[in-house]
Amino acid sequence: MKLSSTPARVIAAVLPPLLALSACVTLPSDPAERAEVELINDPMEPMNREIYAFNTVVRHTLEPLRKSTIRGEPLAPIWLGVSNVLVNLREPLVFANDLAQGHDCAAGASLRRFMVNSTLGIGGIFDVAKSYGIDAHDNDVGRTLAIYGLPEGPYLMLPILGPADLRATAGIAAEYFADPVDIGLSRAGASAAGWSIAALDVTERNFEAAPDLEKLERTSLDGYAALRSAYRQSQTEDIKEDNCPEVLQTNSESSGARTTDIGK
Amino acid sequence: MAPTKISKTSIRLLGCAAVVSLLVAGGAVVAATSQAAMFVQKAATEAIAILSNKSLADQDRRAQFRAAILKHFDAPAIGQFVVQPYWSRASPEQQSRFQSVFAGTLAKIYTDRFYDYDGQSLQIKSIQAGAPGTTMVRSTISTPTGRNVYDVDWIVTGPAGREKFLDVVIDGVSTSTTTKQDYGSFLRQANGNLDALTAALKARAN
């Protein structure tokens, strides 16, 4: 589950009192269990579980609304347009992080996407760049900090925003000061627009993650532990990605791959 | 992404198979890894046949899909992995009770994971050696519109002609590792009692 840059204000307001009230996990005496718990690195598990329970209630409450935005439903075309605009507004920050991480190809892809979709895509409503083979990719300051060697730190469950770690949370705080779109809106005296975009952005990310979270809940005994595991693994994988689209790669591989259509 | 660990028994068996493969000819190692890709293709073809059989009721289709999962996945090895270190502390009777319930749970996990992949395309990208005795077959699964593309790595073990899946990694998230940490959390709270986990899985299935 990816985190938005803009709701840093939410975190700044909520995190300090939560940390003050947090209870820490007790380490088991058994050496093998103790090693596992230390590896998981979730010292604030009791508080994190409370927040997870809250987030789950919010997700279930919004489920009817989310279902009205999926393909085939009346709100789907509108939501697709909104979602495309939000993804387009993330591109400047994605571009900056791609550059900072030395991923020139991915940075080029982000820049092309922003330029094409902002113009031909009418302010980002239509994802024209996708038709040219340049799909959206995500990137953030948390990932940049990871590539620069900052360890992830303890696991955190953030209200509404979902799973994170201390490094990712620091990334969000940094983005609060550095998001080009936020800076532009503040300078134009449109901070309220910034909050609206933030709220929509968080909603869009939650809607996108909801089906996977629901599957995880259905197939696990401890949904919290399963989500924590999935989050940590996906973070490790995301850091390895260079996000260079095939159409922009200089030496395309001739895959000779076989395709099997499932269910046709 | 580190491939999933496997049992010592599987390592010994596969160690022998690997030595024989290397002795036959220089191309034998390539042939062995291509067998893994062929196995993935064959399993995907079988999944296609089940998912596209619209003449069956949904319940029956799911039952057939679950049976295919049990045929192609090494449930005993996965079961042992997901409850370590508690497996070695449990009695043979506790282990047996757990394995008989876990097989059904495993089938449900993967049925839930793949059942709505109807209409999507699987494309094998590459094959590489995984942990000792395993092969990682890297693929992508994409929706008909191409809107969503998932990176799916299949961890295959077993001698040629008798391959089994040990794990499926979707976008970097290993199903076996996630299940292990899920059950680990439960078992820590249950003082390592494998019977408690077995009972919880049984109650979940009902």
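Me: What should I know about the model and its numbering before I start?
Reply: The model is predicted, with local features needing pLDDT of at least 70 and side-chain atom pairs counting only at pLDDT 80 or more, while totals for chains, interfaces and linings use all residues. Residues are numbered from 1 along each chain as its sequence is written, and chains are lettered from A and ligands numbered from 1 in the order in which they are written.

Me: What is the secondary structure of chain A?
Reply: Chain A has eleven helices and three strands. Helices (H or I, at least four residues) and strands (E, at least two) are DSSP runs, numbered from the N terminus. Along the sequence the pattern is α-α-α-α-α-α-α-β-β-α-α-α-α-β.

Me: And what share of chain A counts as buried?
Reply: The share is 34% of the 264 residues. A residue is buried if 20 or more other C-beta atoms lie within 10 Å of its own, exposed if 12 or fewer, and partly exposed in between, with C-beta atoms placed from the backbone.

Me: How do β1 and β2 of chain A pair?
Reply: Strand β1(A), residues 155-158, and strand β2(A), residues 162-165, pair in the antiparallel sense over four bridges. Two strands pair if DSSP finds at least two bridges between them. M157(A) has P163(A) in β2(A) as its bridge partner.

Me: What about the turn in that hairpin?
Reply: Three residues lie between the two strands, and I160(A) in the turn has a positive phi of about 65°. I160(A) is partly exposed because 19 other C-beta atoms lie within 10 Å.

Me: Which other residue of chain A has a positive phi without being glycine?
Reply: One is N41(A), with phi near 55°. N41(A) sits in the loop between α2 (31-40) and α3 (45-67) of chain A. It counts as partly exposed because it has 15 other C-beta atoms within 10 Å.

Me: Switching to α11 of chain A: how far does it reach?
Reply: Helix α11(A), residues 223-240, has 18 residues and reaches 26 Å from its first C-alpha to its last, close to the 26 Å expected at 1.5 Å a residue. The expected span is 1.5 Å times one less than the number of residues.

Me: Which residues of α11 are buried, and what covers them?
Reply: The buried residues include Y224(A), L227(A), R228(A) and Y231(A). Their cover includes α3, β1, β2 and α10 (191-219) of chain A, together with β5 and α6 of chain B.

Me: How many residues of each chain are in contact with the other?
Reply: 37 residues of chain B are in contact with 27 residues of chain A. Two residues are in contact if their C-beta atoms, placed from the backbone, lie within 7 Å.

Me: Which element of chain B gives the most to that side?
Reply: α6(B) gives the most to the side of chain B that touches chain A, with nine residues. By class, that side has 14 nonpolar, 14 polar and nine charged residues. Ala, Val, Leu, Ile, Met, Phe, Trp, Tyr, Cys and Pro count as nonpolar, Asp, Glu, Lys and Arg as charged, and the others, Gly among them, as polar.

Me: Where is the largest nonpolar core?
Reply: It has 40 residues, and those with the most contacts inside it include V40(B), L106(B) and V137(B). The largest share of this core, nine residues, comes from α2(B). A nonpolar core is a set of buried Ala, Val, Leu, Ile, Met, Phe, Trp, Tyr and Cys residues joined through C-beta atoms within 7 Å.

Me: What does V137(B) contact?
Reply: Leaving aside neighbours within four places in sequence, V137(B) is in contact with A36(B), A37(B), V40(B), I124(B), I127(B), W154(B) and V156(B). Apart from this core lies another, of 20 residues, among them Y52(A), A168(A), A225(A) and V169(B).

Me: How do the strands β3, β4 and β5 of chain B pair?
Reply: β3(B), residues 149-157, and β4(B), residues 164-170, pair antiparallel over six bridges. D153(B) stands opposite V169(B) in β4(B). Two bridges join β4(B) to β5(B), also antiparallel, and I170(B) stands opposite V173(B).

Me: Last one: which peptide bond in chain B is cis?
Reply: The bond from Q84(B) to P85(B) is cis, with omega near 5°. P85(B) is in the loop between α4 (75-82) and α5 of chain B.
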